[in-house]
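Please look over the sequence and the model below before reading on.

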Amino acid sequence: MPTGERPPVDRRAVPRDPGEPHHPRRRRTRLLHHATRAAIFLAAAAAIYLLFPSGASPGPVVLERGVVAPADVIARIPFQIPKTEEELRHEQDEAARGVPPVYDYAAQAADSLAGAIRGFFAAAAQAAALPVPERDAAVRAVLARSGVPTTLGGIEVLSDSARRTALQVATERAVREQLPRGIAAGSPGRSGISAVRVRGIAGGERLLPADSLVTADEFFRAAQTYLPADAGADAAELQRLLLVRWFQPSLAVNQGATEAARARARSAVDRVKSRVLAGEKIVGAREQVGEREEERLRAYQAALSASGGGERARPTPARAAGSILYNLLLLSIVALLLRYSRLHLYRDLRSVAFVALLVVVVAALAATIARLDLPPELIPVPFAAMLIAVLWGGRLALPVALVLALLLGGQAPFLGVAVPFTAAIGGAAAAFGVRVAQRRVQTWIVVGMIATAFAAAALSVGLLRGWTLHEIGWSALWGAVNATGSSLLAVGFLPVAEWFTRVTTNQTLQELADPKHPLLQRLQMEAPGTYAHTISVANLAEAVCTAIGANALLARVGVYYHDIGKVVKPQYFIENQPRGRNPHDKLKPAMSAAIVRSHVVEGMKLAEQHKLPDAVKAFIAQHHGTQPISFFLQQAKESDPNCRVEARDFAYGGPKPQTRETAVVMIADSVESAARAMQDPSPERIRELVERIVNAKIAAGQLDQSPLTLKEIATAKEVLARALGSMYHHRVDYPAEKNGGGDSAPPAPPAPSAASEPAASAR
């Protein structure tokens, strides 16, 4: 985000008329002027009270961890200390884990498994009855269709009628005898569960130890005991594979019933950690506030705010007035800062209203954060600080951010030290950080600075209050979210803020400096000589403003548009005229002067059409001030000595330069035009020219209304003389090659003078 640090402005108060005390109308105007601004801040204070109706009530209840209580804090009303979300969630999870899972008995499991095994052995018997050459292949096909992998020994078992029959009888018997006892797929005891509820056995429900349930693996091992002693390992492996293939547990978890039981257990957990009776001591005098005492104090504070019988909650007129006065006193700091430090902003009703509105907006967002129980690190004080810093500079944004932090720290949801401290650190980082961002992409540098400041604040508060690293990390993370959101909001709302306050920021100036702007493109095409003169003057004005600490970007952009009115009649200005053709030769001096003077009026019209900001339009109106067009004035006097010539008919309409930037442009405009017309621009002659022109401006009173100091004027002279000496120094004429192949071009004729110096305006 481009920085909006504004250069210092003239803070001298307008001289008061000595007879002012005798002018009631003027006194009434001044009283109305101040009363209007006081009303704005009073309305903001009242709005903040409505956002936080419980108001601000600092007292013995507001104690932080590590602080020694100055007096006993006794509960005036009974209250409860609720569990934190983390504590409640942990206890609910513990209660849910203690709920026995519900198992349903499936009586049909044994019949289903026995039927599957019987069908397999019937198919195997048919395959084994085939002739020997086809038998093994047929048995393999039965196994493949059943999805039962086995070895060559298993195929031999199935091919042998006696061994196959013995395996089938033993397996079916194991299924019929073991499954009805209740077989579960896995052991719940491995998950830390100590008991289970089994429903459906013998028509009832029993609570059994989790370790008493027979698992599938235990069932498979028990089934092997039903095999004959001489069955062999191949038969045992084949039996296990068959049981695994078609196993169905006779005890299955009922997820719906289990979750319902666990939900009932979670809801049964008490949300209250402890209860304090009226008259009970919360913390004693000269006792240090620890974690337990702080928790009790905050719960007590919340109970007082919510209780209809609590002293704090009574909506008495006295408490409302006290809360509004608290807010107003803090806002008065901002008002006095504007009055005595930024008088031009104090005089601008829009600027005062914007600052007050911004404070209320941040307070409204803070109230929303409190109501939604969101982290206080999200309070967007950096958003307000960034907007003010971009519009009027970090020197104003910093105190506004600190006042906002104090203002919010006095409201009931944020009472204490942590919230105002964190908000102040984040707002200060935003106020200072905006200075480093000259382009939009550098906004992320500001985000990083603010996030770092929030992290440092989180570490400081966390160490003071005994937070865990987890809590400090979350606080820093929420601060980073605030930094990102505030920065993006500031970038998004900056155009609205510019429109409302009529302040031109560097971001807007950079957009206006784009050569593709329609007015600049028109100037290049229709008045190329004026455009070339404009670029030269822009370089000079920027160099001077940089040297004296003025807004160099504003000066450059102002120069780009200061002569834009010449596109209406470009041929009447010497820098756009071909040699030997001057339309002024056929006009009377008064008409020529009117045409030359009209480029200011036409420039203002074009500026209005293209919605140029006031800061740029000031250069169009003020770059000539009220100077006379001396060439045509003298020509009019000489053409008719007996006719009285009015000097005001040959002078620009002004006003005189009101800012340092417009004053610098007036000087640079004149000296560049005169230097361009010099025949022998040696450094000495250029320095003498600059000295003469600047002194003439001072003598004519053209700089009287600008805040330029004598030291700054001297610096401007030095910079202009040095820069013009570099621009118009002598060039060496190199001799031509004898073969003619490398002849240098003949020296170019002197560049036509720009039309800023009155004597060169038409010739």
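Predicted model: local features only at pLDDT ≥ 70, side-chain atom pairs only at ≥ 80, totals over all residues.

At the start of H9, the backbone nitrogen of glycine 256 has a side-chain oxygen of asparagine 254 within 3.3 Å. The buried residues of this helix are Thr258, Ala261, Arg262 and Ala265; viewed down the axis of H9, they fall within an arc of 95°, so they line one face of the helix. Such a pattern can be read against helical geometry: an α-helix has 3.6 residues a turn, so residues three or four places apart point the same way. The cover over the buried residues of H9 includes helix H2 (85–97) together with strands E3 (102–105), E5 (195–199) and E8 (251–253), whereas the face turned away from the buried side carries the exposed residues Arg264 and Ser267.

Strand E2, residues 79–82, has Phe79 and Ile81 on a covered face and Gln80 and Pro82 on an uncovered one. In a regular strand the side chains alternate between the two faces of the sheet. E2 runs antiparallel to strand E9 (residues 272–276), to which four bridges join it, and the bridge partner of glutamine 80 in E9 is arginine 275.

Glutamate 177, finally, is found in helix H6 (residues 161–178), and because its relative accessibility is 39%, it counts as partly exposed. Between glutamate 177 and alanine 223, which are 46 residues apart in sequence, the C-alpha to C-alpha distance is 9.5 Å.

Methods
Residues numbered from 1 in each chain as written. Heavy atoms only, no water. Buried < 20%, exposed > 50% of the residue type's maximum accessible area, 1.4 Å probe, protein only. Helix = DSSP H or I, 4+ residues; strand = E, 2+ residues; numbered from the N terminus. Arc of directions from axis to C-beta. Contact = heavy atoms within 4.5 Å. Polar contact = N/O pair within 3.5 Å; in protein donor to acceptor, adjacent residues only side chain to side chain. Pairing = 2+ DSSP bridges.
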